[in-house]
Amino acid sequence: MFAVFVFLGLFCVVATAPAPSITVTDVVDKTAAEGETSLNAADFSNTPIKEVDLREIGITVPDDPTLGSKAEGDIAITNLKRFMDDQSSLGRNAIRQPYRRWPNNEIPYTLSTQYGAYSRSIIAKAMNEYHTKTCIRFVPRNEAIHKDYVYIHPDDGCYSLVGRTGGKQPLSLDSGCIQTGTIVHELMHTVGFFHEQSRYDRDDYIEISWTNVINGADDQFEKYGMNVIDQMNEPYDYSSIMHYGPYAFSANGKRTIVARKPGAGKMGQRVQFSEIDLRKINKLYSCNNSGSPNPSPNPNGTLPTPNGTDNNIATNKVVKPTYPFLYRSRFIKAIAPFRRWGPNGLIGR
């Protein structure tokens with residue numbers, strides 16, 4: 001009798017569990033006309049406290065959507081080691097050249113019109129993490145003044161360029177990427193940061209189990225010497241939102257990254273900034289020395305520019321994004337990578 005009551009109780013719990021309140025087209029609607037727009041007041045005011053498990057509506061979400069097929073998984077750049085070696089003044093954890101940082105701590109952006117209301121609210125939530133915790137501001141692109149900007153669109157997988165590369169630079173967030181932590185990670189690449197485990201001193205903190213790494217993926221675990229590193233005078237950060245997880249690029253389900261020291265319980269987390277992440281961003285953009293508080297949003301949910309104008313735009317004009325540094329290789333292929341995470345998992349050969 002007790003077992004019957006337990007069964008009925010469980011049945012009632014399952015039967016009364018609320019169904020997801022969104023549909024697939026609330027995330028991405030590929031049938032919608034492709035154009036460029038920006039977020040509005042409703043997007044910022046409707047950010048959900050509890051996010052939807054997208055698997056419940058049939059969207060495949062990889063354990064770590066940022067582990068794609070590009071350089072270090074999600075960086076749309078060419079031979080990264082050669083690129084880093086050629087840039088003797090380039091900071092490995094952070095871009096050091098001033099021309100690759102975003103002027104006035106502002107990152108102009110446009111957003112694909114194929115994103116549904118739910119995706120728009122989650123992207124707004126991720127941007128608001130920067131607005132409230134750093135001096136970085138994501139501002140809608142004004143064509144008259146913003147030649148360089150980020151175009152956020154639902155390509156296959158999650159990827160970004162690092163820092164300001166010039167012109168219209170792509171940042172991909174497909175359906176499986178619409179989680180606040182994943183978006184914060186990709187935006188941090190755009191701000192100017194690479195992955196934490198690429199630091200020159202990483203071998204003091206982690207061990208790479210090469211025998212467990214996917215054949216041909218060894219270059220996803222590159223590290224770089226002191227001549228190309230700027231650690232921002234911060235300690236190694238297991239909890240960084242920019243650190244690989246312990247099973248990154250595993251060929252057999254075993255750990256590819258093993259911590260050498262305590263404190264690695266959150267390694268690979270894609271939930272929120274670590275305290276060190278925030279300090280690095282604020283140091284790179286001199287946030288602590290700006291003397292200016294973060295600005296309050298305009299009534300339409302956008303952030304004001306220094307001259308007080310509103311840069312919000314809504315246009316159906318489509319400009320082809322530029323893909324600087326893309327090249328063909330085993331794991332990176334110009335425009336159409338053959339091995340990367342798509343909305344239905346790992347696609348291609």
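## Threonine 190 and its surroundings

Threonine 190 touches Trp102, Ile107, Val150, Ser160, Leu161, Gly163, Arg164, Gln169 and Leu171, leaving aside residues up to four places away in sequence; a contact here means heavy atoms within 4.5 Å. The model is predicted: local features need pLDDT of at least 70, side-chain atom pairs count only at pLDDT 80 or more, and totals for chains, interfaces and linings use all residues. Residues are numbered from 1 along each chain as its sequence is written, and side-chain values use heavy atoms, with hydrogens and water left out.

Threonine 190 lies in helix 5 (residues 180-191). Its relative accessible area is 1%, so threonine 190 is buried. Buried means under 20% relative accessible area, exposed means over 50%, and partly exposed lies in between (1.4 Å probe, protein chains only).

## Helix 5

Helix 5 has twelve residues and reaches 16 Å from its first C-alpha to its last, close to the 16 Å expected at 1.5 Å a residue. The expected span is 1.5 Å times one less than the number of residues in the helix. Helices (H or I, at least four residues) and strands (E, at least two) are DSSP runs, numbered from the N terminus.

Because twelve of the twelve residues of helix 5 are buried, this helix is largely enclosed by the rest of the structure. Among the buried residues are His185, Glu186 and His189. Just after helix 5, glycine 192 takes a positive phi of about 140°.

## Glutamate 36 and its partners

Which side chain meets that of glutamate 36 in a salt bridge? The partner is lysine 168, at 2.7 Å from N to O. This pair links distant parts of the chain, with glutamate 36 in strand 1 (residues 36-37) and lysine 168 in strand 6 (residues 168-173), 132 residues apart. Both glutamate 36 and lysine 168 are buried. A salt bridge is a side-chain nitrogen of Lys or Arg within 4 Å of a carboxyl oxygen of Asp or Glu.

The side chain of glutamate 36 is also joined to that of threonine 110 by a polar contact of 2.8 Å. A polar contact is a pair of N or O atoms within 3.5 Å; within protein, one must be able to donate a hydrogen and the other to accept it, and residues adjacent in sequence count only if both atoms are side-chain atoms. Threonine 110 is found in strand 2 (residues 106-112), and its relative accessible area of 0% makes it buried.

## Further salt bridges

The structure holds 14 salt bridges. One of them joins lysine 280 and glutamate 196, whose closest N and O atoms are 2.7 Å apart. Lysine 280 belongs to helix 6 (residues 275-284), while glutamate 196 is in the loop between helix 5 and strand 7 (206-208); the two residues are 84 residues apart and link distant parts of the chain. Lysine 280 counts as buried at 2% relative accessibility, and glutamate 196 counts as buried at 2%. Salt bridges that share partners join Glu196, Arg199, Asp201 and Lys280 into one network.

Arginine 55 and aspartate 53 also form a salt bridge through their side chains (3.6 Å, N to O). Arginine 55 is partly exposed at 45% relative accessibility, and aspartate 53 is partly exposed with a relative accessible area of 34%.

## The protein as a whole

The protein has six helices and ten strands. Of its 349 residues, 54% count as buried. Residues 24 or more positions apart account for 78% of the contacts with a separation of 6 or more.
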